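Notebook open, model loaded. I'll jot things down as I look them up.

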Amino acid sequence: MRQDAVRGHLDGLLLAVLEPGPLHGYAIITAVQERSGGALELRTGTIYPALNRLERVGLLQSSWQSVGERRKRCYELTDAGQRTLASERSAWNEFTTAIGSVLNPTAPPGLLT
């Protein structure tokens with residue numbers, strides 16, 4: 001899938017994979033890839049600036065945690081992040097319904113009254 005297809009939806013993707021609980025950066029990348037069936041591959045140069053921005057605006061919080069023998073920064077949703085995720089989902093559903101209505105109409109245009 002083209003990288004630009006994710007543009008505009010990255011925040012929602014990141015918030016969604018963090019909904020179940022805290023993850024570190026590489027685990028976030030892996031979760032997006034797995035949940036998309038391998039169609040979406042995020043680069044570290046894309047994800048870390050986005051995570052930092054989402055933390056700056058209060059949608060995520062982070063802490064250092066030991067993962068194996070290494071310490072990694074783990075991110076989790078804040079209450080504001082939960083509310084934003086709900087809003088992102090609603091907007092996505094409206095968007096896909098509208099686009100789907102155009103790309104896959106149920107009746108030929110001449111039959112609509």
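Predicted model: local features only at pLDDT ≥ 70, side-chain atom pairs only at ≥ 80, totals over all residues.

I started on the outward side of helix 3: the face turned away from its buried side carries the exposed residues Gly45 and Arg56. For me, buried means under 20% relative accessible area, exposed over 50%, and partly exposed in between (1.4 Å probe, protein chains only). Helices (H or I, at least four residues) and strands (E, at least two) are DSSP runs, numbered from the N terminus.

Residues are numbered from 1 along each chain as its sequence is written, and side-chain values use heavy atoms, leaving out hydrogens and water.

Next I looked up the buried residues of helix 3, which are Ile47, Ala50, Leu51 and Leu54. Seen down the helix axis, they fall within an arc of 105° (taken from the directions from the axis to the C-beta atoms), so they line one face. Their cover includes helix 1 (10-18), helix 2 (25-35), strand 2 (60-67) and strand 3.

Just after helix 3, I found Gly58 with a positive phi of about 90°. Thr78 is in the loop between strand 3 (70-77) and helix 4 (79-103). I logged Thr78 as buried because its relative accessibility is 14%.

Methods
Contact = heavy atoms within 4.5 Å.
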